[in-house]
Amino acid sequence: MVGKKYNAPEPPAPESISYHDTITIDTTKLMSWFDLYRDPVLSKMIHAALDSNRDLMTATARIEESRFRTAVIKANVWPQFDYSASAGGGKAGSDALKVAGGIEGGFLNAVALLNWEVDLFGKLRHANRSAVAAYLAQIQNRNALQVSLVGEVASEYFLLRDLDNRLLISQQTLEGRRENTRIITERFNKGYVPELDKLQAIQQEAIAGAAIPSLRRQIVQTENALRLLMGLGPGQTPRGLANFEQTLTPNIPVGLPSQLLERRPDIMAAEKTLQSQFEQVGVAQANRFPTFSLTGVLGFASPELGTFLSSSGLVANGFGSLTGPIFHFNQRKNQVEVQRKQADQAYYQYQQTVLAAFGDVDNALASYKTFSEEYEQRRLQADAAARALNLSMARYNFGYTSYLEVIIMENNLFDAQFQESQALQGKLNSIVQLYKALGGGW
């Protein structure tokens, strides 16, 4: 075989990869996605997405297409057997026969044909290896889509539960502010408070009321996005645990950098794509050398049916042919360079995929740490804002402060509760993104 033998590219040295945070490096296998999520409703959604997602079905169909395409290319390595049969007859004058304008009498022939391009220089073997590598790349692309799909389902679900929580906060806030408006309106009617307090209370009630339809709109959009991932049309989506009840474990083994190359399907897909293109260089190099073909014919031919199967009608011929380029103005040489440059591109894309994978892990680790810290602070903020509002309402009821202070405290609590809910959702999603960055668990 002409052309070099493929060797997998060297992964980055472990010491060249440095994450921002000091983490526990573990080489154990990742737990299954379904063990990571303890919410039975979420687990059912993930199963439904893996069974019915149309994008995943398309990727599976591409694998089957690639498998059959590989079989087609592999068949070129072996001899091809065919058959041919024909019969006919007629009359032709002597002048017509001189110029092969027809035949005089009848003819019968039936032969078996053998054609085989002998792969002297490895063109067909390189092509077969390229097709096999492309097939394996399609498998890893499907696996990468599978990892992404599970992560997207979990992220959308946590967003939906966050929106549900924020809708509940808005409804409770609206109920409280509506009661405040009623009380302050009665006080205004009796002349105890100015009209400005009444108008400010109405504004506060409207602010909370306006948040509800906005959140309901986002809930419908998120539900439909989830159902689309599961291969379903629009409709309502069942709920399981609230975000506050989720028990995702943060003790995920990060592993050594070299192990990440074995876990991430997108990295493995990029490496197989590189291998497929590398083998195409061998195909182009083999095209610069001669092609040797064998042809065989075995059968019978006769002008009469009575002598068709006799020894006089036997046909047994064999041929060999050798063809090769002499001078094509560097066309085939340049074609080799074209394939080499495409292989260089595939190698650079492989490197880019590897570097991006390590960046994804570092980003996910940082997100989990910072969202965990943020959530704790937001929780303290919300608790303090609730106490501050109670104190402010007491001060206002006893005439020690204006209603403006109450408005500020109400807005602070409303914002703090929203931010607490969003920080928790970010924390849960950071675990999803970390698991996704590590290649998922299968």
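Colleague: How many aromatic pairs does the structure hold?

Modeller: It holds 7 aromatic pairs. One of them brings together Tyr347 and Tyr348. Bear in mind that this is a predicted model, where local features need pLDDT of at least 70, side-chain atom pairs count only at pLDDT 80 or more, and totals for chains, interfaces and linings use all residues. Residues are numbered from 1 along each chain as its sequence is written, and side-chain values use heavy atoms, leaving out hydrogens and water.

Colleague: Why is the pair of Tyr347 and Tyr348 called tilted?

Modeller: Rings of Phe, Tyr and Trp (its six-membered ring) pair if their centres lie within 6.5 Å; planes under 30 degrees apart are stacked, over 60 edge-to-face, and the rest tilted. Here the centres are 6.1 Å apart and the planes stand at 50 degrees, so the pair is tilted.

Colleague: What makes Gln425 count as buried?

Modeller: Buried means under 20% relative accessible area, exposed over 50%, and partly exposed in between (1.4 Å probe, protein chains only). Gln425 has 14% relative accessibility, so it counts as buried. Gln425 touches Phe158, Leu159, Asp162 and Asn243, leaving aside residues up to four places away in sequence; contact means heavy atoms within 4.5 Å.

Colleague: And Phe327, is that buried or exposed?

Modeller: Its relative accessible area is 57%, so Phe327 is exposed. You'll find Phe327 in the loop between strand 4 (314–323) and helix 9 (331–397). Helices (H or I, at least four residues) and strands (E, at least two) are DSSP runs, numbered from the N terminus.

Colleague: How do you know that Arg182 forms a salt bridge with Glu186?

Modeller: A salt bridge is a side-chain nitrogen of Lys or Arg within 4 Å of a carboxyl oxygen of Asp or Glu. For Arg182 and Glu186, the closest N and O atoms are 2.8 Å apart. The two are 4 residues apart in helix 5, so about one helical turn separates them. Arg182 is partly exposed, at 40% relative accessible area, and Glu186 is partly exposed too, at 38%.

Colleague: Which parts of the chain does the pair of Arg178 and Glu205 link?

Modeller: Their closest N and O atoms are 3.5 Å apart, so that's a salt bridge as well. This pair links distant parts of the chain: Arg178 is in helix 5 (residues 123–189) and Glu205 in helix 6 (residues 195–229), 27 residues apart.

Colleague: What makes Arg67 lie over the face of Phe68?

Modeller: A charge sits over a ring if NZ of Lys or CZ of Arg is within 6 Å of the ring centre and within 35 degrees of the ring normal. Arg67 lies at 4.6 Å from the ring centre of Phe68.
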